[in-house]
Every structure is written in structure tokens, then in C-alpha cells.
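Subject: Structure handover

Hello,

Here is the structure I promised you. Please open it alongside this email; my notes follow below.

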Amino acid sequence: MDLLGYILFIFAGLFFGLFGSGGSIIIIPVLIYIFKIPIYEATTYSLLLVFLVSFFGTWKHIKTRNFNINNIIYFALPSLLFTCFSRAFLFPSIPTDIPYFNISKHTALMILFSIIVFFCGISLLKNRTIYIHINLKVLLVLMGVFVGLLSGLLGVGGGFIIVPSLIIFANMNIKESAASALFVISLNTCLALVLEVTVFQFKFDFLFISYILISGLIGLILGLKLLNKIDVDIIKKMFSISLLFLSLGILIIELL
């Protein structure tokens, strides 16, 4: 089972390389279901791995000139602020057992996770740009707030929301949105990790981290190489279908 887990971490890195996101969608379930790590520890390990992989991926995108900082600052700043708020205050305030629904905190967060991923996958299947009567900078700020909340709650980078949003609303292609997503993800997860280490005194198993990091980087390098060789429309469809299958898988596991 551990070997299967490391193989899946390679796929997580592949997702980051190809799509600029989606790796945490694999990382979280693998840590919880295969390595039997509780959800709080799993989200923290995910934050560390996602930060390291996304930082390396951002650097690679800058070298290949896929990265454009324009407008991303309006997304990044509110995302950082609400990542801090969500991780430091919102996550600890959720009760272990959710009243009225008779489910655990773990199950509630994983179901929320799967629903959001599912709708992000659906949104990418529609090949169109949406024009709305709101300033793009205001929209990016609102998206940043939402992604920041999710990053703190679920230990994810939020790229599965960033990428579809930038494609649909900001009219970016998959390469530009992937590079932008990795940049924002690296900032978000870095801040959340600083909180974990300084405020909550979290202790990492660095031997375990080294194994999963190596697996993730192998996948990332493969993904970045494939990104410049595969048609962007094909990559977009692959990403949307992968999101749909992964979200349904998580939902089925939690409901059963």
C-alpha cells in the first residue's frame, strides 16, 4: 500500500506540472486513506508538499516564459490574508462532530472538497469565456478570498479553482493559468506552513516528507515536459475529466 501511495504522489506531481493544480486532490486522499494520517496532519503535510512542488514549478514556468504577473497580485494578496485567517481561526473552530448532520469534521470537509472539485471539473467542460459586468480586478479579489479560505481549511493550494477561473473569466490559456496558479499556491501554502510551525508547533516526519517529495518532483518534471508538447485544448479536457473522476471517488468513499 505504501508503494501505491508513492506512485500516486508521482501522479500528483504530474497534475501540478500539466495543469498547475490538482495535485492536492490526490495528496489529501492518499495521506488519509492509504497512509492512515488524521485529517489535520494530512492537510499540514499536504501544505508542505504542495508548497515545495509549486515553488519548483513556478521557477520552471518563469524559465520557459509561461508566467505573467499582471493582475495576479490582486488575487494573491486577499488569498494570503484569508489563508492565514482560515488556518489560524476557522479550521480550529469547527467541532469534531458536526451537530444536526451527525457526521465528523473529517467527513464534512472531505465532502465539501469533493463537491467543489466536481463543479470546477464541470465548468471546464464548457468551451467558452464568460463575460460579466464586474471589474476583473474585483473578481480576482473575490476569487482570492475563496481560495484562501479553502487553502486554510483543506490544506490545498486551490489551483483547481484558480485555473478554471482564470481560463473562464480572465481569458487565459491553460499554460498561463497553470503558471499563475502555481505562483499563488506557493505563496498561500508558505504562509500556512509558517503558521503551523510557529503558532501550532507542528513537527514533521522529514524522512516521510523526503520520500513523497521525490515522488512528487518526478511527476512534476514529467508534467512540465509534456505541457509544452501536448495541445492546450487536450490538456484542458484531461484536467476537467480527471477532476470529475477524483471528486466522485472521494464522495463515494466518504458516503460508504
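A residue counts as buried when its relative accessible area is under 20%. By that cut-off, tyrosine 45 is buried, and phenylalanine 204 is buried too. Please keep in mind that this is a predicted model.

Overall fold

The protein chain has 10 helices and 2 strands. Along the sequence, the order is α-α-α-α-β-β-α-α-α-α-α-α. Of the 256 residues in the protein chain, 52% are buried. Take the contacts between residues at least 6 apart in sequence: 80% of them join residues at least 24 apart.

Aromatic pairs

How many aromatic pairs does the structure hold? There are 12. Two of these are described here.

A pair of aromatic rings is described by the distance of the centres and the angle of the planes. For tyrosine 6 and phenylalanine 35, the centres are 5.5 Å apart and the planes are at 55 degrees, a tilted pair. Tyrosine 6 sits in helix H1 (residues 2-19). Phenylalanine 35 sits in the loop between helix H2 (23-34) and helix H3 (39-63). The pair therefore ties together parts that are 29 residues apart in sequence. Tyrosine 6 and phenylalanine 35 are both buried.

The other pair is tyrosine 45 with phenylalanine 204. Their ring centres lie 5.5 Å apart with the planes at 80 degrees, so this pair is edge-to-face. The cut-off for that label is over 60 degrees. Tyrosine 45 belongs to helix H3, and phenylalanine 204 to the loop between helix H8 (174-198) and helix H9 (206-227). This pair therefore ties together parts that are 159 residues apart in sequence.

Elsewhere, a charge meets a ring. Lysine 105 lies over the face of phenylalanine 91, 3.9 Å from the ring centre.

Helix H4, inside and out

Which residues make the nonpolar surface patch? They are Ile73, Tyr74, Leu77 and Val141, and the patch covers about 330 Å². Helix H4 (residues 72-93) gives the largest share, 3 residues. Tyrosine 74 is in helix H4. Its relative accessible area is 34%, so tyrosine 74 is partly exposed.

Setting aside neighbours within four places in sequence, serine 79 is in contact with Gly144, Val145, Val147, Gly148, Val184 and Asn188.

A backbone point to check

Most residues other than glycine have a negative phi. Lysine 36 is not a glycine, yet its phi is positive, at about 60 degrees. Lysine 36 is in the loop between H2 and H3. With a relative accessible area of 65%, lysine 36 is exposed. The loop between helix H2 and helix H3 also holds phenylalanine 35, which is buried.

Best wishes

Terms used: Residues numbered from 1 in each chain as written. Predicted model: local features only at pLDDT ≥ 70, side-chain atom pairs only at ≥ 80, totals over all residues. Heavy atoms only, no water. Patch = residues over 30% accessible without salt bridge, like charges linked within 9 Å, V, L, I, M, F, W, Y side chains within 5 Å. Areas by Shrake-Rupley, 256 points an atom, 1.4 Å probe, with all protein chains shown as cover. Salt bridge = Lys/Arg side-chain N within 4 Å of Asp/Glu carboxyl O. Helix = DSSP H or I, 4+ residues; strand = E, 2+ residues; numbered from the N terminus. Buried < 20%, exposed > 50% of the residue type's maximum accessible area, 1.4 Å probe, protein only. Phe/Tyr/Trp six-rings, centres within 6.5 Å; stacked < 30°, edge-to-face > 60°. Lys NZ or Arg CZ within 6 Å of the ring centre and 35° of its normal. Contact = heavy atoms within 4.5 Å.
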